[in-house]
Amino acid sequence: MRHTWAWACRARLASLTICVMKTWDVIVIGGGIIGLSLAIALRKRGATVLVVERGEPGREASHAAGGMLVDCSVETPAALQPLASASALMYPEFAYELEVESGVKVDLRDQGTIVFPPPEHVYERPGFKLASLLPAPLTELEPALAEPDRPAFYLKERSVDPRALTAAALKTAKNRGVDFASGNPVESVVLSQGKACGVARANRAYHAEKVVNCAGAWSGQIAPHAFPTRPVKGQMLCLVMPSRTLLKHVIRSPEAYLIPRSDGRLLVGATVEEAGFDKRTDAATIQRLHRAALALVPELSNAKILEDWAGLRPGTPDALPILGPTGTPGYFVATGHFRDGILLAPITAEIMGAVIEGRQPGYDLSPFAPSRFQS
Ligand SMILES: Cc1cc2nc3c(=O)[nH]c(=O)nc-3n(C[C@H](O)[C@H](O)[C@H](O)COP(=O)(O)OP(=O)(O)OC[C@H]3O[C@@H](n4cnc5c(N)ncnc54)[C@H](O)[C@@H]3O)c2cc1C
């Protein structure tokens, strides 16, 4: 990418700060897994990149996630399926590269998932029955599961530890020379003659010819475009399994899902709540999830609760991400990944890297176009 210095833009930025010396090719707003993965992809393409983060990178939805890499056609919106499948396929290489470059293990597991689907999925959506028969009796696959009174299916899915993944992505981005500015929110994208030329915080501005909004649930708060993202709260808890291998598979039921980690932790999730930007957990809800876990796996009755937390998924009105160029030249957006942002990080980085570079992304992005919403 080339630097072409826009004088009008510089004057506008200079009015906002006393020292705007450095410029970048691309500014990424938001240091969650989407912003970090994209920053790495852009660096690999030769761009200079600054990530501007409101707080500490990787501490919001990407820190709160369970890390199931769900690309099953029964559970994935049809329009998202091509990206979901492509991203799931990219995961082993994506995770391996981050591990090698950062030295952080991300616990990518491929034991698969056992699903107890809600009855309407079994009977109305036959996809489950055809593709997903259990490879062995349930008592062999997961002896600790309570005797089920409903059908179970097997999905060849992976899972990852999102906290480790985000830490690995942060370290990799830094190793590759991505710059970071943390501690204050971006308030607006700075424009010159109708084009993006940087971002402004309360007392400081940064210059780049291209800006991409990866601010998750907060993406709609940054002027000039009010993308219709909203926070969708998810509460979870983490148990310590009595033995590290008590459960091998991810278990998904309508009441709760269970995600084992290789170090013996077991995540139990998650609620889907419209609660604004409130990230507090609620004791009754955590207890309900805990009881659901015990009903699925009675041996967990002695398991210690390590922690509970809540995070804010970036939701959109049609539950699809918002990806691509905005109506403002030089300003792009990659947000609204809702329940699948960990899964979709590799493909989002690849296609947005191409779009920002001005190349064809190789996928039909029209279902995700920012222009589908009036913003
Ligand atoms: C309980 C729960 C369970 C989940 N489970 C899964 C799962 O199993 N699998 C899966 O694929 N996905 C899962 N998700 C969804 C996934 O976590 C999200 O889709 C994904 O993390 C979104 O990443 P992001 O980078 O867009 O957002 P975030 O991680 O929220 O990052 C956005 C960043 O932008 C920063 N920011 C916001 N406003 C500004 C501003 N004005 N200026 C600068 N920076 C700003 C924030 O501080 C934050 O660091 C889950 C989410 C939750 C909450």
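**Close-up views of a predicted model**

View 1. The largest share of the lining, 6 residues, comes from H4. Sorted by class, the lining holds 7 nonpolar, 2 polar and 6 charged residues.

**View 2. Phe-227 and Tyr-331 form a tilted aromatic pair.** A pair of aromatic rings is described by the distance of the centres and the angle of the planes. A search of the whole structure finds 4 aromatic pairs, and in the one formed by Phe-227 and Tyr-331 the ring centres are 6.2 Å apart, with 50 degrees between the planes. Phe-227 belongs to the loop between strand S10 (205-213) and strand S11 (230-240), whereas Tyr-331 belongs to strand S17 (residues 331-335), so the pair ties together parts that are 104 residues apart in sequence. Phe-227 is buried, with a relative accessible area of 3%, and Tyr-331 is buried as well, with a value of 0%.

**View 3. A cis peptide bond joins Ala-223 and Pro-224.** Most residues other than glycine have a negative phi, and most peptide bonds are trans. The bond between Ala-223 and Pro-224, however, is cis, with omega about 15 degrees, and Pro-224 lies in the loop between S10 and S11.

**View 4. Asp-107 and Ala-319 have positive phi values.** Phi of Asp-107 is near 55 degrees, and this residue is found in the loop between H4 and strand S4 (113-115). Ala-319, which is not a glycine either, has a phi of about 60 degrees and is found in the loop between strand S15 (304-315) and strand S16 (322-325). Asp-107 is buried, with a relative accessible area of 18%, while Ala-319 is partly exposed, with a relative accessible area of 31%.

**View 5. Arginine side chains lie over tryptophan rings.** Arg-54 lies over the face of Trp-218, at 4.4 Å from the ring centre. The charged end of Arg-163 sits over the ring of Trp-309, at 4.4 Å from the centre of that ring.

**View 6. Cys-72 and Cys-238 are buried.** The relative accessible area is 10% for Cys-72 and 2% for Cys-238. A search of the whole structure finds 0 disulfides.

Definitions and conventions:
Residues are numbered from 1 along each chain as its sequence is written. This is a predicted model: local features need pLDDT of at least 70, side-chain atom pairs count only at pLDDT 80 or more; totals for chains, interfaces and linings use all residues. Side-chain values use heavy atoms; hydrogens and water are left out. Rings of Phe, Tyr and Trp (its six-membered ring) pair if their centres lie within 6.5 Å; planes under 30 degrees apart count as stacked, over 60 as edge-to-face and the rest as tilted. Helices (H or I, at least four residues) and strands (E, at least two) are DSSP runs, numbered from the N terminus. Buried means under 20% relative accessible area, exposed over 50%, partly exposed in between (1.4 Å probe, protein chains only). A charge sits over a ring if NZ of Lys or CZ of Arg is within 6 Å of the ring centre and within 35 degrees of the ring normal. A disulfide is a pair of cysteine sulfur atoms within 2.5 Å. Ala, Val, Leu, Ile, Met, Phe, Trp, Tyr, Cys and Pro count as nonpolar, Asp, Glu, Lys and Arg as charged, and the others, Gly among them, as polar.
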